[in-house]
Amino acid sequence: MKEKLEAIKAAAKSAVSAAAGEKEIEELRVKYLGKKGELTAMLKQMGSLAPEERPAAGQLVNEAKQWLESLIAQKKEELKSKATELKLKAETIDITMPGKEVAAGGLHPINIVVNDMIDIFQSMGFDVVDGPEVETDYYNFECLNVPADHPARDMQDTFYLADGLLLRTQTSAAQIRTMENRRPPIHAICPGRVFRADEVDATHSPVFHQLEGLVVDKGITMCDLKGVLEQFAKEIYGSDTKVRFRPSFFPFTEPSVEVDVSCSECGGKGCRVCKGAGWIEILGAGMVHPNVLRCCGIDPDVYSGFAFGIGIDRITTTRYKISDIRLLFENDKRFLEQF
Amino acid sequence: MKISLNHLKTYVDINVPVEELCSRMVMAGFEVEDIEKEGDNIKNVVAAKILKITPHENSDHLQICSMDVGADTPVQIVTGAQNISEGDYVPAALDGSYLPNGAHITAGKLRGAESNGMLCSGEELGLTEEDYEGASVNGILILKGAPAPGTDIREVLGLDDCVIDFKITANRPDCNCFLGVAKEISVVLGTKFSAPKPEYKTAGRNISDYISIEVHNFDLCPRYIGRVVTNLRIKESPEWMKKAITASGMRPINNIVDITNFVMLETGQPMHAFNYNDIRGHKIIIRNAEAGESITTLDGKKYDLKEDMLVIADGEQPSCLAGIMGGKESEIENDTTDLFLESAKFRRDNIRHTCRALGIRTEASSRYERGTDIMNVEYASERALQLIYELDAGDIIDGAIDINGGLPEERVIKVTTDKILELVGVDVPDEKIVSILNSLGLPTDINGKELTVRVPSIRDDIEGRADLAEEVMRIYGYDHIVGRPMRGETVRGRKLPERIKTDKIKAFLCGAGAYEIATYSFIGSGAADTLLLDENDERRNQIKIINPLGDEYSVLRTQLTTSMLTVLSTNINRKIPSGRFFEISKRFIAESLPITEQPDELATMAIGIYGEDEDFFTLKGIIEGVMKLCGAHTQYERSEEPYLHPGRQALVKANNTPAVVFGEVHPAVAASYGIDCRVYTAEIKLDMLLSINKRKTVYKPLPKYPAVERDFALLCDKELPVGTLENAIAKGAGRLLESIRLFDVYSGSQIPEGKKSVAYSVWLRSADGTLSDTEIEAVSSAIIKNLEAAGAELRK
């Protein structure tokens, strides 16, 4: 009996290890463990043994049965993983084939720059405000210390709509509205469209964009102005950027300065971009003129403030090295896709 | 303001190279627009000595010259000129040289003879007789003396001047002249400055025997000084004066006219010379023009005058447009014998106003517009007489008539140095402040911390501490300002809620594959016609720009579709196969036309799409997304927008208010934009969408019980909108409805004529438990009942 069992085990072992597919394994399982299988038959023969031999013999046969079941299970697992492996191998794809396109549009480059600027100033505590594009002469000129028939009106060519109504030539108009609606401390920026009757060419557009900044509080100095503009310039042009003040004139600020940044292309050594100067003019700024503060009902002996106006289009064209401002308003998809 | 550097040196010591001068002036507030160096357009031309002249074998007019050009060996140059002799010194343009007329001279052969350059005439070097004696001779310029051969010709000819073009800011009219700029240079460089001191002798008699002057409007003419000069000796001006005038862009005419122009350039005070004998009644009256009066000015143009314009009249009629241009009648001519000389102050806004109204602009008027100094009127008059005397241009009659409405008192500003420095945040020593202000011609004393600054009338731009701060800082140097971080409580700034919502909509549209565009806010006046808008359409109420750049940019837009169609057209015509675009901007709606107050500026959005995969429903999908984002409850209705396809357009109501019109663009309208394919646009009242208060999101529990799907295959009239069927299903399903999906619409074979087959999947779910068969049956029959009522039947 014992010998017979060993013989069956040996035969089963070699048969299982030789099996090449799940079907063969199943056949082997039936052959040995099925209702009419060889090991099942051995169990059935227990009755012919002496009663005292039965427990030991039964245990032997059961052990052989369990051994074979686990052997078969193991083999099955082995075959399955081999099959999976083959299947996956057959599914290999050409990874250089193009991806399936996901539609993704984008913001206009001007607004990408505006958003960056808003983020920078917002983090410095500036609120973002809006103002109308059709302005009154009062807000665009008069309250900004530019009375009628003042020569400073020649600094800008204005589009007129009616007596006393015009398309704003500067976001500075929003300064006045802000100062009228809020009391100091004021920290506000106003990005927006402005209009000047300039003939269209590579560097001029009758519609362009500015960002006006305004701070009014007690004890504000030109050092605060420089600090804010330095932080702005470093974030926009890189951490090595230097800021330079150059005296200038705007009717609504006194003192007034033109603000230059060190050329980001050459680092200030002088190159084609900065026309050899090492500096690029990016904005006009100054301390809010006492007449302007007074016009808004703010006492210039108690409060002081600064204002600045940044040309957004210029920053956009410099950042992306766009040679012709007209491209910004042409809206060719192949242009817009690049940002 | 263009000024000759050499001429500036007659007033102020300039001890630095011109480049340094300019960069220091820039840092003091005087931008330099250009530095034009005399002789800059002459390169590689040298003084040369003619060693030997031999005739040319193959020519009867060419000569071969052996030249000493300062090199080791002589150089051979062929010339056609005949006015030269051996031993002459002449200008030689060497191989590779440039001349002012742009000519590039290179070595070559002339009729077989080698020529290594060219001998130059005065004209070829851009010279006139005024620049160099003999320059106008027809032939080679013969140099005087014996310049060392090889010396740069510019040095030999004394072409060492340069013209600097300073940009004078509007607050500094006092610097629109030689003296003003020279004074600033002296402060910037710390060198000596001196203005001419007018001195002259008169020829006796008295002006009151010659002329009387009346000023009728002191508001427009606060000061008027008249002088008379007789026995004029009109001739050419001296070279130095002609050069100074020419450098500043004016044309020399004769000594009298040149003196008036020179004095204006030098002092900033315009002068006017009248032919004394043309002044009727020997009477000068400064008054407003009378209705119906006109004047013919020096340039021969006739102008009709209005009563707000100021004229200088004689006993009968206007003789000069005050401060702008003289009259033709009283012009100084070569045979003029006697002169009346005007120096006056006119109110700047009135001059500007008249110039605009008449469309004239002169050197004089532009100075008056910017502002002149009432105290300078006298100095300029005296200076002109000094020049008349020195140039022996006439006999000066004794006495001046000076009529004014009162001269201003000196202004005094009292302010502490602390108050000035408070604005700049820099410590400038008190004594430095005092010395800077004094050097700028603002006499200043200090007592403790308090400054007393006396402001002359010439600096009426200086009103208070802010102006003084600027004066101090631009000389002390803005480099002293050190940036400091903003003080006070730093909090993150806020954005308006509309901006935050708009940013979200933009992000959604970008995610939907659309590109943001930027277009002008003004469009052509014909835009409303091109869109076929109705006569009474409010979008025809376009605000006109009074001074547009052209008709295509002449009105403010009342809609964004025109601009969008233009962009679609650009892209389509550039063969770009597809595109999705959007723009958010303002449209301008006037209450009435012409406008008298600011119009409504309404935030608006346009969307435009085209391409093979685009249709009405891709655009509708985008709009549904925007509506959902804004929290709008929507209804879709047929609309009648004339520029859209009559059968493929819809009006979307958001919370019962019309908010969007969209659809396929009418082919006729598309064609007028040069578009030959189907394009789809939407015009969205963004202001309306932004005003919707979106309900705060509250989490809904996920369903606990299973949903049941029921399909309905229906047959209905072809014309019946599926929206009606959806409404019927929703009504029938009531609160058990989870979702409806349209999965098939079909008409054709097996469907009766005029009918269509429509198939829906409807999901039903209850929050309270699994739906029983009985419940499902009840809901299904309710749905079918409603569908039948709506005109559909179940397909058998």
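The model is a predicted one, in which local features need pLDDT of at least 70 and side-chain atom pairs count only at pLDDT 80 or more, while totals for chains, interfaces and linings use all residues. Residues are numbered from 1 along each chain as its sequence is written, and chains are lettered from A and ligands numbered from 1 in the order in which they are written.

According to an automatic or database domain assignment, chain B is divided into domain 1 (2-38 + 163-189), domain 2 (43-157), domain 3 (207-404), domain 4 (411-479), domain 5 (497-690) and domain 6 (708-794). Seven residues of domain 1 of chain B are in contact with eight residues of domain 4 of chain B, contact being taken as C-beta atoms, placed from the backbone, that lie within 7 Å. The side of domain 1 of chain B that touches domain 4 of chain B holds two nonpolar, two polar and three charged residues, where Ala, Val, Leu, Ile, Met, Phe, Trp, Tyr, Cys and Pro count as nonpolar, Asp, Glu, Lys and Arg as charged, and the others, Gly among them, as polar.

Between the chains, the contact takes 75 residues from chain B and 68 residues from chain A. On the side of chain B that touches chain A, the largest share, six residues, comes from H12(B), helices (H or I, at least four residues) and strands (E, at least two) being DSSP runs numbered from the N terminus. By class, this side of chain B has 36 nonpolar, 20 polar and 19 charged residues.

For helix H20 (residues 773-789) of chain B, the 17 residues should span 24 Å at 1.5 Å a residue, which agrees with the 24 Å between its end C-alpha atoms; the expected span is 1.5 Å times one less than the number of residues. The buried residues of H20(B) are Val779(B), Ile783(B) and Leu787(B), where buried denotes 20 or more other C-beta atoms within 10 Å of a residue's own, exposed 12 or fewer, and partly exposed in between, with C-beta atoms placed from the backbone. These residues cover an arc of only 75° around the axis and therefore lie on the same side of H20(B), the arc being that of the directions from the helix axis to the C-beta atoms. On the other side of H20(B), the exposed residues include Asp773(B) and Glu777(B).

Strand S13 (residues 223-230) of chain B has seven of its eight residues buried. S13(B) pairs in the antiparallel sense with strand S21 (residues 339-345) of chain B over seven bridges, pairing requiring that DSSP find at least two bridges between two strands.

Technical notes:
Two residues are in contact if their C-beta atoms, placed from the backbone, lie within 7 Å.
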